[in-house]
Structures are given as C-alpha cells and as structure tokens.
Amino acid sequence: MILTLPMRIRPLPQSAVQSLRCVLLLLAFVLSGKSAWAFDAPAFQGDVLDEAGILSAADQDALQQRIRALRDNSGIWAAVYVARSLQQDVIENAAVTTFAKWKLGQAGKDNGLLVMIVPSERKMRIEVGYGLEGFITDAFSKRVIDEIYKPAFREKRFADGLLQGFDAMAKMAGGEPMANAPEALPALPPQPEIDWSIAPRNFALTFGLNLLPGFWFLGALLYGRSKGRRASESLWQSVRVPFIFGGFLGVFFGIFLALFGAAFASEAPEVVLILALVNAVFASFIVIPYGIKARQFMSDAGFRRYLAQARLLRIRKRSKKARKIFGVMFDPSDVSVSQGGTRRESSSSSSSFGSSSSSSSSGGGSSGGGGASGSW
C-alpha cells in the first residue's frame, strides 16, 4: 500500500509580500526612471545664456549678431546655452529639455537649433529641430563638433569656435559644403559617447538597495529588543547572513550595472533592466526568508511562535538519553509543526501504514510534557 502524506503549503506572510513588492518597485524606479535626476532648464533669457561665465560681454554681442544674421539669411533660429552643470543628467536629455522649454524655432517650421556647452563636464551638444534636419544632418553636426568645436574649446576659445560653427551652418544652409569634405565617405550616424559620470551613482544605488534587507531585518531585531523580544543568537550572528550576501550582490551587480548603465543607458536600456531583474531575483533569497523572520520580532504572537519553534529544534537535536533525562519521553521525529501548533502523529495500528483509526489533535498538543502548545 502506498503511503500518501498530506502537504500543507503555507502562504507567505502579508508583511513579507508587501516588503518584497516595495523593494522591487524601488529598484525598478531607480534603474529605469530618471525623474529624480531630470535636468531643470532655466527660462529663455535671450539668444545667448552664459551661466558658467566663459564668454565676455563682447563675445556675447558678437554671437548675438551672428545668430540674428543666421536667422534672417538662412532661416535658422539658433541659441547658445552655456550651463554650469548637467545636474547629474546626460547631455542629450538636458539639451532636449532646454530646447523644448525655450520653444526654439517657428511654429510649423521646426527650424530651431540649440548649441549647449557644459565646460565643467567638457560636454557639448547640437540639438536640431525637425525642419533643419534636411541639411543640418547628424553627420554634419558631428563634423562641426569634431573639426571646429573640439579644437577651439580645448584651447578655451569658446567664442571663436561658436562663431566658426555658425559660419559652417550658414554655408551648409546655402548649399555650400564644409571644406575638405570627403566625397566617397557615406554619412554615418554619430556614435554615442559613453557617459561615465552616471557609473558611480548606479553602483552606489545598487549596493545600497542590496543592503536594504539587512538593515530592514536589523531594524526589526532592534525593535524587538526594545519590546523585550531577544533572539537566542547575538545581534551580529543574526544579521551577518543578509549583510554579507547583500554586500556580495551589491558589489557584483553594482559593477555590471555601473558599466552597462553608462554604456547602454540610451542605446539599449533593456540590458540594464534585465540586469536589474536578475539582481532582484537573487535578492529575493534574502528578502523572503528574512522578511518572515523579521515578522517574528514585530509582534508578541510571532515572537512566541519563534520561541516555540526554537525550543522544538533544540529538543530534536538531543539524544534519546538526554530527552529522557530532561523528562521528554516522546520521539521528536513524531512531532510536526502545523498552523494549529504541535501535534502527535497517529500510531495506533501495528503493521499497516494506511490505517488511521485514531484521530490527531490540533490546536494544543500534549506530547509528553515537552512540546509547544498554543494557537497562532
């Protein structure tokens, strides 16, 4: 006869489910959303705005005259923005945000153009409206940056570089290509530059999020101690596993998310999201069990259950001789823990595994004087 044992699958406590949900939502928010670090563009204050103070008054006047000539002769509504910093954002997003807030260009023509420079981070960007992309192409903008802006800016000749760039744009708008333009070289889209400035932020956030379960469990233990609920182990022995395992995951995934986040943040964000999900799966091995353990120190009922289970484990580790000395006459292998407490398995028949003439009690066992009793 085949022995079939009933299996009872205990659902996760509601507190553990909610805590796991909060950790996953926070991780997804940090890695996939950038609203916390979105660039705050200033209001439009004229064709030239120099927050960094790299342009003299004469330079700004010359640039404004060149921009007005470009607008009147070529139909390009340009503006120059020299920002103090990127505010922990990327140059592409900062330029798009500024372009939209300044509403550059004419309505219906989309003929606006923004040249954004961030000297403190050595970044620059030419943002072009849709109406100008027919002749101010991505390849042409890349050439202006590489052949005009970079050499001039490295020598701190910012005004000269900007003026030469506007001259090249005016010639391109009039049908005259840039000097020394390669004839047989096809126009290729510009290769994105890797922004390594976000790598330390990604590493710090990933490392901190992986340590959250450890701090969460530590807080539960400290709260329990304040209420007189103390674990049998020392404080460090209780929290060392989530801290060590969480620290390992934080360093491991922090390095990958820092590198891949900087390299694929704009081109392939799904790579970063996949790494974040894998990290969340491994982190669940800490969150779920220690979320259940944390609940034991957050309430009196949970702490009583913890003491009963700990006592039962200690009894099971004793030898039969020790159990007899301490007055525990039952075999702990016959004791199982259920929702109702401890219970004694049926042992009425002599040889048949399938017969069960006697019923087992639930809700308060009397197993030789050493078992846990009560309901929770």
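Strand E3 (residues 112-118) and E4 pair in the antiparallel sense, over six bridges; pairing here takes at least two DSSP bridges between two strands. Val118 sits opposite Lys123 in E4. This is a predicted model, where local features need pLDDT of at least 70 and side-chain atom pairs count only at pLDDT 80 or more, while totals for chains, interfaces and linings use all residues. Residues are numbered from 1 along each chain as its sequence is written, and side-chain values use heavy atoms, with hydrogens and water left out.

The open sheet has four strands in the order E1-E2-E3-E4, with mixed pairing. E1 (48-50) and E4 (123-128) are at the edges with a single partner strand each, so one side of each has no neighbour in the sheet. Helices (H or I, at least four residues) and strands (E, at least two) are DSSP runs, numbered from the N terminus.

| Helix | Strands | Angle |
|---|---|---|
| H2 (residues 57-74) | touches E1 and E2 (77-82) | about 155 degrees with E2 |
| H3 (residues 91-102) | lies across E1, E2, E3 and E4 | about 135 degrees to E3 |

Away from neighbours within four places in sequence, Tyr149 is in contact with residues including Val115, Met124, Ile126 and Met169.

Note on methods: Contact = heavy atoms within 4.5 Å. Axes fitted to C-alpha atoms, helices over the stretch in contact; angles between N-to-C directions.
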